[in-house]
Every structure is written in C-alpha cells, then in structure tokens.
Amino acid sequence: MSLFGLGRNQKTFRPKKSAPSGSKGAQLRKHIDATLGSGNLREAVRLPPGEDINEWLAVNTVDFFNQVNLLYGTLAEFCTPDNCPTMTAGPKYEYRWADGVQIKKPIEVSAPKYVEYLMDWIESQLDDESIFPQRIGAPFPGNFKEVVKTIFKRLFRVYAHIYHSHFQKIVSLKEEAHLNTCFKHFILFTNEFGLIDKKELAPLQELIESIIVPY
C-alpha cells in the first residue's frame, strides 16, 4: 500500500501546512525541492547563499512537520492506546507531555495522545504570526531558534517511537526506504544547525551515527 493511502481519517491526518513568509517562503521551498530532487541531502540542508537563517529554519520546520505528520498518519491505526499505552522509544526512554501553558506538569499519556498533543502544539506555533511571521520583512522573535529547537526535539521523539515500536509494520508496508530517507534528511538538517542536543538523540544513536559519519 502507498504511504499516503493509509490511516487517513479526520483525526489523524491534518492538511499540509504551507510555508510562512509569503512568496519568500515559496522561493525557498522551490530551492528545497530542486536540491532534494538532485538526491544530495547534504546539499539540500545547507543555507542557500545570501538567505536569512530564520527564513530557512521556518520553511524547513513546516516541511518536517508535514513529513512527520504524514509518516505517523500511515501508522495511526496500529499505534493505539492499547498497543502503545505510553510514549516510548525502546525500554529505556519514555516521554511525558507538557506544553508549559495548558499542561504545565508533565503527564503520562499514550503514544497516540502524545502525538496528538504534539501536532496540535506545533500547529499552534506555526499559526502564531508573532513566532512564524507570514508577511515578508516581518521580524522573527529573538527566541526563534529556541522555539525551532523545541519543535525539532519533539518531532525526533515521533521518529524514535516509530523506529522502536513500529518498524516491523513499516517494513511490512514496504515503506522503510521512505522512512529512512525522511529521517536521514531530518538528522542532516538538525546536525547542520545544531537543533537537537546529543543526549536527546540517544534512543537512535547508532542509526544517527551511520547517517552522519559517511558525510
């Protein structure tokens, strides 16, 4: 079955977010599509010459959000509260949810509930024009990179859960090559801009080293 033909219901699948920053975001997206099309992921993650780092982080944050959202959507019918009562990445790592606003103290929730909270939270960040400005020339906030780092740290947890809890299902759906390519692109980008602390990457450390070392 195709990656995009599974698990599509209103609850698990969200419409794709579009790039922030108006036509500037659209230009950067064309650059991403062109460099990705070349097959050179290392080249695809680099900041294009003369471009603003925040614009580049913003457009890529939207893209990686859409990518993880689609990947998880293929597994939504298998990642259930019964199968995944907690959000884990193997036996040693468990993630609890807090957003600092509505839920201030971390709570233990099922994996699908964690992902639902996470996607809602990221979407609220992307829709907030004081964080992700839509107008060309509108300033990014001073803490923009910290916001982006938190988004990427939490998106990584979805990848970690998929690899540890659902990889066999991905293989049976013949989607492992797609998953691996998406994750490789994600890791090369986070490595290029120092977006995730090393200790956060521990659940998939061996896989990550196999991606980064050849480069």
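## Fold and basis of the model

Read along its sequence, the chain follows the pattern α-α-α-β-β-α-α-α-α-α, with eight helices and two strands; helices (H or I, at least four residues) and strands (E, at least two) are DSSP runs, numbered from the N terminus. This is a predicted model, in which local features need pLDDT of at least 70 and side-chain atom pairs count only at pLDDT 80 or more, whereas totals for chains, interfaces and linings use all residues. Residues are numbered from 1 along each chain as its sequence is written, and side-chain values use heavy atoms, with hydrogens and water left out.

Of the 215 residues of the chain, 50% count as buried, where buried means under 20% relative accessible area, exposed over 50%, and partly exposed in between, with a 1.4 Å probe and protein chains only. Among contacts (heavy atoms within 4.5 Å) between residues at least 6 apart in sequence, 74% join residues at least 24 apart.

## Aromatic pairs and charges over rings

A pair of aromatic rings is described by the distance of the centres and the angle of the planes. The structure holds 17 aromatic pairs, counted for rings of Phe, Tyr and Trp (its six-membered ring) whose centres lie within 6.5 Å, with planes under 30 degrees apart counting as stacked, over 60 as edge-to-face and the rest as tilted. The pair of Phe64 and Phe186 is edge-to-face, because the ring centres are 5.6 Å apart and the planes stand at 85°. Since Phe64 lies in helix H3 (residues 53–75) and Phe186 in helix H7 (residues 176–193), this pair ties together parts that are 122 residues apart in sequence.

The charged end of Arg154 sits over the ring of Trp121, 4.6 Å from its centre, and that of Lys169 sits over the ring of Phe78, 4.3 Å from its centre.

## Packing of H7 and H8

H7 and helix H8 (residues 205–212) pack at an angle of about 80°, with their axes 10 Å apart; axes are lines fitted to C-alpha atoms, for helices over the stretch in contact, and angles run from 0 to 180 degrees between N-to-C directions. The two helices are therefore roughly perpendicular to each other, a class that covers 65 to 115 degrees. The contact is made by Phe183, Lys184, Ile187, Leu188 and Asn191 of H7 and by Leu207, Ile208, Ile211 and Ile212 of H8.

Phe193 lies in helix H7 and, at 12% relative accessibility, counts as buried. Its C-alpha atom is 9.3 Å from that of Leu47, 146 residues away along the chain, and beyond its neighbours within four places in sequence, Phe193 is in contact with residues including Val45, Trp56 and Lys145.

Ala89, found in the loop between strand S1 (87–88) and strand S2 (94–95), is also buried, at 2% relative accessibility. Ala89 and Val158 are 69 residues apart in sequence and 8.7 Å apart in space, C-alpha to C-alpha. Lys174, in the loop between helix H6 (167–172) and H7, is by contrast exposed, with a relative accessible area of 71%, and its phi is near 60°, a positive value in a residue other than glycine.

Methods. A charge sits over a ring if NZ of Lys or CZ of Arg is within 6 Å of the ring centre and within 35 degrees of the ring normal. Angles under 35 degrees count as roughly parallel, over 145 as roughly antiparallel, 65 to 115 as roughly perpendicular and the rest as oblique.
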